[in-house]
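Biologist: I'd like to learn how to read a model like this one feature by feature. Could you walk me through it?

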Amino acid sequence: MADPTLNANAKVVRWHESQQKAGFKFLVTEIMGYMTGGPQKYTGRPMEEAHMHLAISAAEWRQFMRVAEKTFERTAVPVGARRELGEILEGFQMQCVLPEGHAPPPDPGAPRPHPSTLGTTFQRLGGVYPIAQFADRLVDLLLSDRGRAVGVAFEDIDSPDARRHPPGIKYLLTELLLSAAGGPEVVTAKEFEEAKLGVPTAQWAAFCAVAADAAAFFPTPYHRAMILDLISGLRPELCIGDGAGTDGASADTSTATIEAAGFQRFDAVAALYETGGDAERALDKLVSGWRPEGVAAEMAAADSAAPRCPFGGGRLAGGGKENPGAPKCPFDFGGAGGAGGADGSDAPRCPFGFGGGAAATNRPPAEPPLPPQLMATVKTMAERGGLGAEEIATMLQLDAKAVAQVLHPEQFDAGGGVAVLPPGLAEAARTMAERGIDAEQIAGMLKVDVEAVKATVASTTAAANTGGKVVGTGAAAS
Ligand code: HEM
């Protein structure tokens, strides 16, 4: 977007000049790939959320369409395809242009990580934008004097027959890195020789040095070590020539051992970095609670990241009131009140998994208390380090109840609520409570979760008040 009319919009030009444009280009390519029937799956924000705060006017939109038309001409897109692409772009107008007279909503801020990526390397590295920025810098360095000796071949973007042009290779490299990091992106060109970055196998060491330079913008040495770890794991996908596939990524047993003990890859790589690669010391460090950074902020950020429809289906352009002309999700096959009986499993579903169709009407399954990797970490710290729920929660800055639920699932009911204690313990807790001992002390003495003690005592009181039975004890309330 180097167009002066579009960049006259102060909120747009800020992006044009920012380092984030690599991630933005990646997401635009991804959504266009999906919309044109490609294997890509769009993973960015709903279009409305990404655009309404920019206050794009109808005139700016028309200019955008003119720029698109000129680009089709320059790149010799056949006339039929040009028309179809134009129609797809037009289909986004309502989600991108702020209707006249509407105040723009506030800037939504940095994209929130999808809950499915919580704790992954993808999330720890910061998601699409920094990883795309790394791929962008890496390809640019390979094209520069600094990296040309590595010998990666590119074709000119303006050549109509070009297949391996820098923007295309940047996109595919980003896809590969995001997916390897645990992101939701689909790898669309695996094992196609010409879609590989194309590092000559013999130049691997020189390439790694260039990759280290490309990683320099990451905020900590742990982030830099992590992205290089990803690169080294992707060696067979990046190299061409003799031995590219066979002499590939040497299985990093140290990282794998630490991961097998229940720690996240990012933490494993960071701890190995700290201990100079000594796996035993790295594991001890992690078991004793060391982390390269807190997980609390990441948890909080992901907490509110409920998936939303990328087409803004059912929501409003910058408003809050009902708007009959508001964009509609093309995958809304019935929605609330529509498509009677749309609860069958064979009913159509939104391919983005954002709801729509039957998925929206189904009750979500009970959520695990923590993401799988964190659950494994919590269990390892309890088993190997002998730590209790409260201590682990403090060290990892997690919710104490969630940690207790991982370690003592029997104390919680199916919906994640606190269940009362089993009969023997419940009896003891109740007796102590009757003698005036407080819940914390009882929990400490019985080595159970304090919430379970409170729930047990409360259920006794409630049962006594109603003359009913004490839940879970089978005993009549006295
Ligand atoms: C069919 C037309 C368009 C498509 C498909 C499109 C696609 C996208 C996508 C996928 C994103 C990234 C969303 C994310 O971060 O998750 C985005 C963001 C953005 N788009 Fe567009 N866009 C379109 C039109 C426009 C126009 C006309 C402008 C400016 C005149 C524009 C300016 C921007 C800017 C500045 C951002 C970053 C906004 C932010 O996150 O704060 N886009 N767009």
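Biologist: Where does Ala55 lie?

Modeller: Ala55 lies in the loop between α4 (47–51) and α5 (58–74). Helices here are DSSP runs of H or I with at least four residues, strands are runs of E with at least two, and both are numbered from the N terminus. Phi of Ala55 is near 55°, a positive value in a residue that isn't glycine. This is a predicted model, where local features need pLDDT of at least 70 and side-chain atom pairs count only at pLDDT 80 or more, while totals for chains, interfaces and linings use all residues. Residues are numbered from 1 along each chain as its sequence is written.

Biologist: Is Ala55 buried or exposed, or something in between?

Modeller: You count other C-beta atoms, placed from the backbone, within 10 Å of the residue's own: 20 or more is buried, 12 or fewer is exposed, and in between is partly exposed. Ala55 has 18, so it is partly exposed.

Biologist: Which other alanine has a positive phi?

Modeller: Ala76, with a phi of about 55°. Ala76 sits in the loop between α5 and α6 (79–90). Ala76 has 11 other C-beta atoms within 10 Å, so it counts as exposed.

Biologist: How do α3 and α9 pack?

Modeller: Two packed helices are described by the angle between their axes and the distance between the axes. The axes are lines fitted to C-alpha atoms, for helices over the stretch in contact, with angles from 0 to 180 degrees between N-to-C directions. α3 and α9 (residues 128–143) pack at about 100°, with axes 7 Å apart. That makes α3 roughly perpendicular to α9; the class covers 65 to 115 degrees, against under 35 for roughly parallel, over 145 for roughly antiparallel, and the rest oblique.

Biologist: Which residues meet there?

Modeller: Ala22, Gly23, Phe26 and Leu27 in α3 meet Val128, Tyr129, Ala132, Gln133 and Asp136 in α9. A contact requires C-beta atoms, placed from the backbone, within 7 Å. These residues divide into six nonpolar, two polar and one charged.

Biologist: What is the average pLDDT of the protein?

Modeller: pLDDT is the predictor's confidence in each residue, from 0 to 100. The protein averages 78, and 76% of the residues score at least 70. Over residues 294–310, pLDDT stays under 50, and the model has 32 contacts beyond four places in sequence for them. Residues 312–327 are also below 50, with 37 contacts beyond near neighbours in sequence. Where pLDDT is low, the predicted coordinates should not be read in detail.

Definitions and conventions:
Two residues are in contact if their C-beta atoms, placed from the backbone, lie within 7 Å. Ala, Val, Leu, Ile, Met, Phe, Trp, Tyr, Cys and Pro count as nonpolar, Asp, Glu, Lys and Arg as charged, and the others, Gly among them, as polar.
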